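Please read these points with the coordinates open beside you.

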Amino acid sequence: MTAVTARALEAVDALHRQRVESGVAPSSVWGVFDRSGLIASGGHGDRGDGATPDADTVYRIASCTKSVTATALLGLVAGGALSLDAPVTDFVPAFAAVRLPTPDSPVPTVRMLLTMSAGFPTDDPWGDRQESVSAAELDEVLRAGLLFDSVPGTRFAYSNLGYALLGRVVSAVTGEQFTRFATERVLRPLGLDDTVFAAADARGHVVTGHRRDGDAWEALPTTGPGAFSPIGGLFSTVRDLARWGTWLAAAFDGSAPPFGADHPDPTVTGTPTGTATATGSGAGTAGGPGTDPIGTADRRAMQQAMRAIPAEALPGSARGTGYGFGLFVEHDPFVGPIVSHSGGYPGFSAHMRWSTSSGLGVVAFENATQAKVSVAAGQALDLVLADAVPAFTAPPAPAAVGPRPAAPGTAAVLPETRAAQGAVRRLLADWSDERAATICTPNVPMDVPWDRRRAAVTQAVEAVDVDLTAEPVAEESASPTHLRWWLPGARGRLRVEIRLAPLAAGSVQTLLVRAEPAPSEQASV
């Protein structure tokens with residue numbers, strides 16, 4: 001085993017304390033684990049009842065759920081119930097109504113869905129609001145048609161819709177609701193008794209999610225299980241999610257040269273200050289004989305980069321990254337693969353990551369929209385690895401990403417994207433909430449209410465003194481369903497950005513309007 005010193009754990013604790021003190025989130029909780037399980041945890045802030053969060057406080061873990069969905073699928077594949085290369089239409093007949101992007105496009109397969117390469121547009125804002133829809137409502141979406149950013153099987157694009165379809169595959173094969181099957185065949189056999197799909201089923205205190213409203217925190221409602229639960233419906237605790245990471249990382253026990261041989265003691269040598277606690281060697285060991293939902297070979301397969309992710313898709317990453325089955329896989333030159341997944345739902349942020357060679361890992365939760373606790377968790381694991389693995393050197397912090405020049409190939413955007421651009425330009429010139437509701441998907445006013453959006457647009461327009469009827473001076477696009485453009489102003493530029501939901505209607509799921517300095521002013525900063 002590899003020891004982690006009290007000094008390193010104190011540094012991890014300080015990261016999360018600072019986030020609460022600086023107002024990133026009302027509460028922040030973390031855990032560090034090794035091959036024996038959870039070895040230390042800590043929390044800061046108010047979890048909603050006047051108490052500080054601890055390893056048994058329940059948070060929404062959002063897209064960290066996807067690795068559980070992948071495990072449920074792989075268990076069925078191992079049992080011969082289906083093939084990874086079976087088309088989704090074998091299990092979701094309504095998908096047969098979807099018009100594919102080219103005449104020679106293959107129908108997305110289970111493998112494509114698992115590896116985020118089915119060709120669907122990235123859909124976080126829209127997908128995060130779909131959890132409670134029924135299977136019948138999802139079928140209606142499919143029958144109405146979908147947009148595609150690429151030919152299925154050719155490139156990575158993060159898709160919640162794809163994982164919702166995987167839940168339907170599980171249900172079609174087993175005849176059970178996905179949530180029941182995943183609970184009984186994956187979670188409970190591993191002793192993850194505090195990991196649930198409904199807040200009412202949680203044994204511990206369930207934290208409420210929040211978002212910023214000026215200087216105050218605004219509580220958000222909690223959604224219930226439905227057809228999109230496979231994308232991010234789980235609630236969990238630091239103790240349980242560390243157990244999950246320990247079980248996945250254990251697939252690599254003995255498969256790599258030992259690291260940190262000069263730290264043979266697997267126990268923590270001290271306890272961080274504040275609210276952090278050490279749990280001791282062996283705490284939280286996952287699974288027992290005969291309890292594993294899938295074998296070690298399948299667990300290792302989950303943690304292999306099956307689909308490369310272009311660097312521009314992950315601008316904050318300093319390591320080469322790919323996507324496996326429900327997990328991201330980064331390559332570090334010192335310790336090899338680092339496996340992770342983030343979770344972001346309205347009101348919540350979660351992250352889990354571990355080094356497969358050392359077994360060291362970190363989990364962290366916060367209860368604020370777009371808190372991006374992944375930043376703190378990444379720093380925390382780097383601290384732990386630098387402490388325990390002598391050869392490890394943390395990568396440099398990525399340079400600040402400034403505005404890019406207009407990207408070539410913006411003509412490749414879909415006609416639906418161009419139509420949405422025109423509709424948004426007319427909306428900004430003469431705002432009407434009713435017109436906005438016909439252009440945008442319902443998540444847009446749920447994420448930021450119309451009155452706040454109107455006020456923000458007015459403020460941005462006045463800040464740069466822009467003529468909203470002027471022609472754009474620059475454009476760029478990251479995908480066929482995404483477009484960003486700039487309008488010239490007397491005191492800068494107005495940046496407008498849209499991203500379409502994966503719906504054939506061409507509805508806008510992301511609408512951003514920002515005032516920016518002129519390019520010459522940006523270059524001088």
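1. Arg7 belongs to helix H1, which covers residues 6-21; helices (H or I, at least four residues) and strands (E, at least two) are DSSP runs, numbered from the N terminus. Arg7 counts as exposed because its relative accessibility is 73%, where exposed means over 50% relative accessible area, buried under 20% and partly exposed in between, with a 1.4 Å probe and protein chains only. Its C-alpha atom is separated by 8.7 Å from that of Asp387, 380 residues apart along the chain.

2. The model is predicted, with pLDDT of at least 70 needed for local features and 80 or more for side-chain atom pairs, while totals for chains, interfaces and linings use all residues. Residues are numbered from 1 along each chain as its sequence is written, and side-chain values use heavy atoms, with hydrogens and water left out.

3. The whole structure holds one cavity of 30 Å³ or more, a cavity being a set of points on a 1 Å grid over the protein atoms alone where a 1.4 Å probe fits but cannot get out, with lining residues having an atom within 4 Å of a point. The volume of the largest cavity, about 50 Å³, is the space filled by probe spheres set on the points, which are joined across faces, edges and corners. Helix H9 (residues 238-249) contributes the most to its lining, with three residues; among the lining residues are Asp240, Leu241 and Trp244.

4. Strand S16 (residues 492-500) is largely enclosed by the rest of the structure, because seven of its nine residues are buried. Eight bridges join S16 to the antiparallel strand S15 (residues 482-489), where two strands pair if DSSP finds at least two bridges between them, and Leu487 stands opposite Leu494.

Methods: 1 Å grid on protein atoms, 1.4 Å probe; cavity = no way out; pocket = protein on both sides within 12 Å on 5 of 7 lines; lining within 4 Å.
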